[in-house]
Amino acid sequence: MVREIVKYPSPLSVEYGVDVRVFDEKLFALIDDLKDTMNENNLDALSAFQIGEYLNLIIIRDGDTFLELINPRLITHSGRVVTEEKTAYYGDLSANVERYEKISIVYQDRDGNNKTLQADGSLAVVIQRKLDYTFGATFLGKLSESEREKFEAKLQYGADVGTADYCPTTFFRDKILKAINISMLLMVFALIGSFFVSEADVLESMWHYQLYASFFVLALNIFYFFYAQYEGKIYTSCTSCQIGNIVGTFAISITKLTLLMVASYFIINP
Amino acid sequence: MARLVVLGGGVAGHTTATFAAKWLGSQHEVVVVTPNAKWNWIPSNIWVGVGQMTKDEVTFDLASVYAKAGITYKQAKAVSLNPEGNESSDKPFVTIEYTSKSKGGEIENVEYDYIVNATGPKLNFDATPGLGNGQGQMGTHTVSVCTADHAVHASHKLQEAIDKMKAGERQKFLVGTGHGMCTCQGAAFEYIFNIEHELKKAGVRDMADIKWISNESFLGDFGMGGLHMKVGGYVVSSKLFAESLFAERNVEWLIGAHTSKVEEGKIEYELLDGSKGEEEFDFAMLIPPFAGVGLKAYDKAGEDITSTVFAPNGFMKVDADYTPKPYAEWKASDWPRTYQNPTYKNMFAAGIAFAPPHIISKPMSSPNGTPINPTPPRTGMPSGIIGKAVAHSVCDLMTKGEDAHLHEASMAEMGAACVASAGKGLTTGTAAAMTVYPVVPDFEKYPGTGRDTDYTFGEIGLAGHWIKHILHHLFIYKAKLNPGWTLIPE
């Protein structure tokens, strides 16, 4: 019987993959279902987890026949290889996953006999991918950080195409904004500090400080205004309201600076 | 006045003896026979093994504590049991050999009305050639953290390795199980990550290659067939949990391995797939397999009845179902409930000393027929709970008569919490806290994994380390019978 394959975003691991303990007709029927589902969907391999049966069971196509791996365990491994993988759970999406080049596994056949299998090349990779499922995971956990970010972007768009860029969570322009705000905070401190100073020469040097600082902040604001727009154009996929934000932020910052300087002119300037 | 003799002063024995003494008062006598002068909080030996605690911090003298509790303390090891007495007397007795400095080697027959066997394991180093010295003690090629003294020795060796790395010499660390039938993967698991943590602190992590070797068939089995943790509605297998931790800390692993031979700087192993290999090392901590302490038993006529009282591995037979059965037919009800010996009803076993009916993990063996699977853990929390239940039963038998109802504590109905340290430090420490219920899966009650997932969870972080450190003080406080000790759970 062809079964429905669990697909993203339905979570795979809300249940538990456990070892097969009883080798009976029920198990054989499940193996047949897995094979039917593979034939129907033209798949090379399928784990019981992927059709919602929480057993450590993997079926792999081997030419015209099938390999039935019950309670498989990866024992030895050597070499590393990165290949582009797809899996039915994530539909047509692909990711570059690092796998062992050669592996040996132990498993049980349908009669419960212990078996061993050495594998390399694509067979080794497909076994490892399915082994991930037997303990309730997908290849997502095997991805490098950058590869995972890319893959998560693909998941968002539901396709491999058009995902060359993604939205970073922090931008460089935010750091410029931080520098502007800190500088202006220091200027506010100077303004408050001037109330406690009566000497004219100290006040004069404070006024100079305030003046130079305002030039610096103005320059930073201008840099921000242009750089932020440039940065926005790099990440075209995340332009929503960006330009508006930049202009608004710039305007607010300049207004604050102006108010600060007007106050300083009347209070500090001797 | 009746006499209860408790063999062993570990977690199980100490719990049994102290509670029995409290409940029986001065009406009856409680005798503890243990070869050690000191009590050892074994879980903290890990920290002794990396030089973060001293031996004195994890041990204390038993004599004064037992004097306070009104327990007769004999520093001796049990040699044999005569549950029917001998030709001259019907009174059962245990033969002990003193190990204290003053009376060392002296033999005594101690009569008993009830006896609790809580001897713990024999550290069976000699099961693997080269792991032992051929005389039952640890060999010279590897170190161990099973006792406080072993741990002190391990910390010196570790320091030597660190000094070598500081001098520019690369070192290879191998930590894990020294035999295909070991238990206590948890201790080795803690030790490998504590070493990793210390090497990082010493600034020599880049000079070290660290490798894990274990008889588990998958990483994260822990001798319990693994566990599944619920995190935010999702399920994470202990396999993924362990694999991520190993990958994150850059620790390689070799699993499904039976260490078949140990030499200087090298081990030979056999894997579940039948392949054989060698692994070199500069520093190795390999846990030995456990066996019974080798107690003998004789009937009234002096005939050897050891095989009646003890299982072939030397652990005492209790009310478990020892009929050999295939994995598919294992049941929760196979596991003992009262820990009473079926032949001699005044005999109980607690902690590691009782013979389990079968293992917990899936049984595995290599194509050559070598069994390679973890044996069941019976330490820590389960040990304490069993010890207390046995104390209850024995006290009832002594005070209410032989028909008293026995207290039960099946490992298939018992949860366990385990806090595994992965590095010590007030702000940099980490530990994995895990709870599992029940310890032995009950496939009938909980189809699938055999466990109740609402009570099985795990988490790793700094808070775990704090808990572990607090537990260290709490349990030593309790074992010293300081005020309020009975309020602290097992």
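Here's a quick briefing on a sheet, a chain contact and a helix in this structure.

It's a predicted model, so keep the cut-offs in mind: local features need pLDDT of at least 70, side-chain atom pairs count only at pLDDT 80 or more, and totals for chains, interfaces and linings use all residues. Residues are numbered from 1 along each chain as its sequence is written, while chains are lettered from A and ligands numbered from 1 in the order in which they are written.

**The sheet in chain A**

- Chain A has an open, antiparallel sheet of 5 strands, in the order β1-β2-β3-β4-β5; strands (E, at least two residues) and helices (H or I, at least four) are DSSP runs, numbered from the N terminus, and two strands pair if DSSP finds at least two bridges between them.
- β1 (45-47) and β5 (114-120) of chain A sit at the edges with a single partner strand each, so one side of each has no neighbour in the sheet.
- On average, neighbouring strands here are turned by 40° against each other, direction ignored (axes are lines fitted to C-alpha atoms, for helices over the stretch in contact, and angles run from 0 to 180 degrees between N-to-C directions).
- β1(A) and β2 (residues 57-62) of chain A run antiparallel and are joined by 3 bridges; A45(A) stands opposite I60(A) in β2(A).
- Helix α2 (residues 121-134) of chain A packs on the sheet, touching β1, β2, β3 (65-86), β4 (94-108) and β5 of chain A, and its direction makes about 85° with that of β4(A).

**Domains of chain A**

- Chain A splits into domain 1 (25-157) and domain 2 (172-267), with bounds from an automatic or database domain assignment.
- The centres of these two domains of chain A, taken over C-alpha atoms, are 57 Å apart.

**Where chain A meets chain B**

- 21 residues of chain A are in contact with 22 residues of chain B (contact: C-beta atoms, placed from the backbone, lie within 7 Å).
- β3 and β4 of chain A are the elements giving two or more residues to chain A's side, and β3(A) has the largest share, 4 residues.

**Helix α1 of chain B**

- The 14 residues of α1 (residues 11-24) of chain B should span 20 Å at 1.5 Å a residue, and the end C-alpha atoms are 20 Å apart, which agrees (the expected span is 1.5 Å times one less than the number of residues).
- 12 of the 14 residues of α1(B) are buried, so the helix is largely enclosed by the rest of the structure (buried: 20 or more other C-beta atoms lie within 10 Å of the residue's own, with C-beta atoms placed from the backbone).
- Among the buried ones are H14(B), F19(B) and L24(B).
- G25(B) follows α1(B), and its phi is positive, near 60°.

Notes. Two residues are in contact if their C-beta atoms, placed from the backbone, lie within 7 Å.
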